[in-house]
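Subject: Structure for your review

Hello,

The structure I mentioned is pasted below. My notes on it follow, with cut-offs given where each term comes up.

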Amino acid sequence: MSEQEERILTAEDTLNFDCHENLPCFTHCCRDVNIYLTPYDVLRMRTALGMGSSEFLNQYTRSFLAKVTHIPVVQLLMNPDTLYCYFVTDSGCKIYNDRPWACRMYPLDLHPHKSGCYRIIAGAEKCFGLKENKTWTVGEWLASQGVGPYDEMERLYQSVLPAGFKPGSPMDAGLGKLLFLAYDTDIFLEMLKDSKFRRLHGIDEKEFEIACRDAEALLRLAFDYIREQLRELYPLT
Ligand code: SF4
Ligand code: SF4
């Protein structure tokens, strides 16, 4: 690995990188790759494709509850014949404006041990963009990739977990099923259609109407519902 690739990066550090379709590696990073999706990734991708959440999850992902923690894991499927992502074309990603967080971050990722820091996860021998001369700060690069709304929605998702819950701690499988509603908001929308359910959870008609036509409002409402349920079911504090 080069010096650039080994560094622990903060948002103010610089990186040399430029990705464009004239590089010989163009779209190679969309092949045979493990991409784990967040609820907001699913929302953006399925909306771009004009699909419901259940249909998208069934067709393009495999999902399961993690052993021990029972946190839902949703993995983007690759085409088994080519090992390429189903959304890649010769001219790039066909859902580029709505590509998932992990694709926006690449070749960066969050540093696993240094909170608020980043690292480069690709080698310049495969990701030729790292040999290009364009220089950015990490913050500039992330802003150019539109990660802001993804980070905000992920923070909200993490905030549904009860105070005192330590990531990786074992919890009941019921937790995972409840959290999965954030991915499959079609199911949550069906629950919302029941007026008794809305009354019970203090969801007024205006909120309901907005959630019926605005996928992001629906997801925020799902987060509120999950948070409320988890606090009742798993009072950890
Ligand atoms: S491997 Fe790197 S430079 Fe090549 S297409 Fe992917 S991100 Fe861009
Ligand atoms: S979603 Fe788009 S950017 Fe991400 S792997 Fe698939 S084709 Fe590539």
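**Notes on His111 and the rest**

His111 touches Ile8, Cys117, Tyr118 and Arg119, leaving aside residues up to four places away in sequence; contact means heavy atoms within 4.5 Å. His111 sits in the loop between strand E6 (108-110) and strand E7 (118-120). Helices (H or I, at least four residues) and strands (E, at least two) are DSSP runs, numbered from the N terminus. With a relative accessible area of 16%, His111 is buried, where buried means under 20% relative accessible area, exposed over 50%, and partly exposed in between (1.4 Å probe, protein chains only). A polar atom of the His111 side chain lies 3.2 Å from the backbone nitrogen of Lys114.

On conventions: this is a predicted model, in which local features need pLDDT of at least 70, side-chain atom pairs count only at pLDDT 80 or more, and totals for chains, interfaces and linings use all residues. Residues are numbered from 1 along each chain as its sequence is written, chains are lettered from A and ligands numbered from 1 in the order in which they are written, and side-chain values use heavy atoms, with hydrogens and water left out.

**Overall**

The protein has eleven helices and eight strands. Its radius of gyration (taken over C-alpha atoms) is 20 Å, close to the 18 Å that the globule rule gives for 237 residues, so the protein is as compact as a globular protein of that length. The rule is 2.2 Å times the number of residues to the power 0.38. Along the principal axes, the C-alpha atoms fill a box of roughly 60 × 40 × 35 Å. Of the 237 residues, 43% are buried. Among contacts between residues at least 6 apart in sequence, 70% join residues at least 24 apart.

**Ligands**

A residue is counted around a ligand if one of its heavy atoms lies within 4 Å of it. For ligand 1 these are Phe17, Cys19, Leu23, Cys25, Phe26, Thr27, Cys29, Tyr106, Lys126, Cys127 and Gly129. That shell has eight nonpolar, two polar and one charged residues. Ala, Val, Leu, Ile, Met, Phe, Trp, Tyr, Cys and Pro count as nonpolar, Asp, Glu, Lys and Arg as charged, and the others, Gly among them, as polar.

Around ligand 2 are Cys30, Ile35, Cys85, Phe87, Val88, Cys93, Pro100 and Cys103. The shell of ligand 2 divides into eight nonpolar, no polar and no charged residues.

**Salt bridges**

Side chains of opposite charge can pair when their charged atoms come close. The structure holds six salt bridges, each a side-chain nitrogen of Lys or Arg within 4 Å of a carboxyl oxygen of Asp or Glu.

One of them joins Arg220 and Glu152 (3.2 Å, N to O). Arg220 is in helix H11 (residues 215-233) and Glu152 in helix H6 (residues 148-158), so this pair ties together parts that are 68 residues apart in sequence. Arg220 is partly exposed at 30% relative accessibility, and Glu152 is partly exposed at 37%.

Another is between Asp224 and Arg227, whose closest N and O atoms are 3.1 Å apart. Both residues lie in helix H11, three residues apart, about one turn of the helix. Asp224 is partly exposed at 39% relative accessibility, whereas Arg227 is buried at 17%. Salt bridges that share partners also join Glu152, Glu216 and Arg220 into one network.

Glu190 and Lys193 form a further salt bridge (2.9 Å, N to O), and Lys193 is partly exposed at 46% relative accessibility.

Regards

Key. A polar contact is a pair of N or O atoms within 3.5 Å; within protein, one must be able to donate a hydrogen and the other to accept it, and residues adjacent in sequence count only if both atoms are side-chain atoms.
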